[in-house]
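Here is a short briefing to read alongside the sequence and the 3D view. Take it one topic at a time, and find each residue on screen as you go.

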Amino acid sequence: ALASSFEEGFEPDSVTNPLTYEKWKPTTTTAHITLNLNGTKSINYIALAAHDFGSTGKTVRIETSPTGTSYSTVEVINPTDDRAIMVTFGATSVGYVRISLSGGSISTLGVIYTGKYLEMYRPFYGGHTPGVLSRQTTVKPNKSVKGQWLGRSIERQGLTTKYSWKNTPIEWYEDNVDALSKHAQEYPFFVKWNPDEFPDHVMYCWTADDIKPRLSGTRDLCEFGFSVEGIE
């Protein structure tokens, strides 16, 4: 990755690994960072996580280019919070992805993903708990010797939810979901659970579960699911 500027210890290459504590931080409010995809690749999404664009009042311009000389704008976003961002579009052959920032104050960015997203065979409906609204907090209450309330300390916090799908052909699972299963053994991933109704509900998350199918007994159909944790 190449950037217009960066502070020492906040190098541009930080965005190319999945770790959220390593971040790129420019030295100016107007800045950009560019990913070289090492050849022309067909992509249909660009996702960002571990940023503070909402808190710092940034305008975010997401751009692509086949050669790295002239860029086309995919979308311009003015985030109101620091949630993960996932922009989807029709498959496009590009060689470079650029994130341009302006306005507000100096900000940081930890993760950029791009490639082809996986759209599940069937959607799921009622009963789902949106991950971006499902906070998981570990706290330590503080009390005096006589039991007076002295507040509490937050030891750990994040997001958590579960995803599950039914009536998926096992051959489709093997051709599509098995790649996610292998990826999730080591790395986080982005989930946009309802892009039409809730386009801002995006999680950058990881699972401790092995993703695997269970045959339902009806023809060649299976069901599968997993729990995730993510950053807020």
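In this predicted model, Asn-17 touches Glu-22, Gly-110 and Val-111, leaving out residues up to four places away in sequence. Look for Asn-17 in the loop that runs between strand S1 (2–3) and strand S2 (31–49).

**Around Asn-17**
- The side chain of Asn-17 has a polar contact with the side chain of Glu-22, at 2.9 Å.
- The Asn-17 side chain also reaches the backbone nitrogen of Leu-19, at 2.9 Å.

- Now move to strand S3 (residues 59–65), where you will find Val-60.
- Is Val-60 buried or exposed? Val-60 counts as buried because its relative accessible area is 0%, and the cut-off for buried is under 20%.
- Setting aside neighbours within four places in sequence, Val-60 is in contact with several residues, including Leu-48, Phe-53, Ile-77, Pro-79 and Ile-99.
- Val-60 and Ile-77 are 17 residues apart along the chain, yet their C-alpha atoms are separated by 5.1 Å.

**Two nonpolar cores**
- Which residues of the largest nonpolar core touch the most other members? They are Ile-46, Leu-48, Val-60, Ile-62, Ile-99, Leu-109 and Ile-112, out of 22 residues in that core.
- S2, S3 and strand S5 (85–102) each supply at least two residues of this core.
- A second, separate core has 21 residues, among them Met-120, Tyr-163, Trp-172 and Cys-205.

**The largest pocket**
- The largest pocket has a volume of about 980 Å³.
- Of the 30 residues lining this pocket, Tyr-117, Leu-118, Glu-119, Met-120 and Lys-192 are the closest to its centre.
- The elements that give two or more residues to the lining are S5, strand S6 (111–115), strand S8 (149–169), helix H1 (170–184) and strand S9 (189–192).

**How confident is the prediction?**
- The average pLDDT over the chain is 91, and 95% of the residues score at least 70.
- Among the elements of the chain, S3 has the highest mean pLDDT, at 98, while strand S7 (residues 135–143) has the lowest, at 69.
- Where pLDDT is low, predicted coordinates should not be read in detail.

Definitions and conventions
Residues numbered from 1 in each chain as written. Predicted model: local features only at pLDDT ≥ 70, side-chain atom pairs only at ≥ 80, totals over all residues. Heavy atoms only, no water. Helix = DSSP H or I, 4+ residues; strand = E, 2+ residues; numbered from the N terminus. Polar contact = N/O pair within 3.5 Å; in protein donor to acceptor, adjacent residues only side chain to side chain. Contact = heavy atoms within 4.5 Å. Buried < 20%, exposed > 50% of the residue type's maximum accessible area, 1.4 Å probe, protein only. Core = buried A, V, L, I, M, F, W, Y, C linked by side-chain atoms within 4.5 Å. pLDDT = per-residue confidence, 0-100. 1 Å grid on protein atoms, 1.4 Å probe; cavity = no way out; pocket = protein on both sides within 12 Å on 5 of 7 lines; lining within 4 Å. Points joined across faces, edges and corners; volume = space filled by probe spheres on them.
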